[in-house]
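Dear colleague,

Please find below the structure that I am handing over to you. My findings follow it.

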Amino acid sequence: DFLDALAERMQTRDIDVTKSTSAKDALKKVETGSYDAVVLDLLMPEMDGLEALKILMAKDPKLQVILLTGHATVQKGVEAMKLGAMELLEKPTNFDTLMDRIKKARARRMLREEMGEEMIAEELA
C-alpha cells in the first residue's frame with residue numbers, strides 16, 4: 001500500500017515511476033532501464049537494502065540511491081554512505097523531503113554524466 005501511494009503521489013507530480021516489490025525485481029529493471037534515482041527500502045524480503053545497494057553501485061556507479069528505513073542506526077547509515085548511497089531517510093519520510101532528494105538525485109546524475117566522476121571529485125574537494 002505504501003509503495004502504491006508513494007508512486008501515485010509522484011506520478012501526479014509528473015515523475016515517471018517504475019515500481020518493484022523486491023530487490024531482485026528492482027535489480028533486473030535497473031539492468032534494462034535508465035533511472036535518475038532508485039528509492040530503496042533497507043529491509044526487504046529476499047535481500048536487504050545494503051546488499052542491493054552494493055550490486056546497484058557495481059552495475060552503475062552514477063546511479064543515485066536513496067535508502068528508506070524504519071530501523072535507522074548510525075552504523076547502517078555510515079555503511080550505506082560508504083557503499084555509495086546518496087542519502088538514508090528515516091520512515092515515515094516527509095513526502096516533500098523525499099521529492100526534494102529525488103530532484104537532487106536527478107541533478108547529480110545529470111552532472112556526473114556531463115562532467116565525469118574525476119571532475120566532480122575535484123569540485124567537491
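Which residues point one way from strand 2, and which the other way? Gln 64, Ile 66 and Leu 68 point one way, Val 65, Leu 67 and Thr 69 point the other way, and all are buried, that is, under 20% relative accessible area with a 1.4 Å probe, protein chains only. Because 6 of the 6 residues of strand 2 (residues 64–69) are buried, this strand is largely enclosed by the rest of the structure.

Please note that this is a predicted model, in which local features need pLDDT of at least 70 and side-chain atom pairs count only at pLDDT 80 or more, while totals for chains, interfaces and linings use all residues. Residues are numbered from 1 along each chain as its sequence is written, and side-chain values use heavy atoms, with hydrogens and water left out.

Strand 2 pairs in the parallel sense with strand 1 over 5 bridges; pairing requires that DSSP finds at least two bridges between the strands. Helices (H or I, at least four residues) and strands (E, at least two) are DSSP runs, numbered from the N terminus. The bridge partner of Leu 40 in strand 2 is Leu 67. Strand 2 also runs parallel to strand 3 (residues 87–90), to which 4 bridges join it, and Ile 66 stands opposite Glu 87 in strand 3.

Strand 1, helix 3 (residues 49–59) and strand 2 make a right-handed β-α-β unit: with the strands pointing away from the viewer, the path from the first strand over the helix to the second runs clockwise.

Yours sincerely

Methods: Buried means under 20% relative accessible area, exposed over 50%, partly exposed in between (1.4 Å probe, protein chains only).
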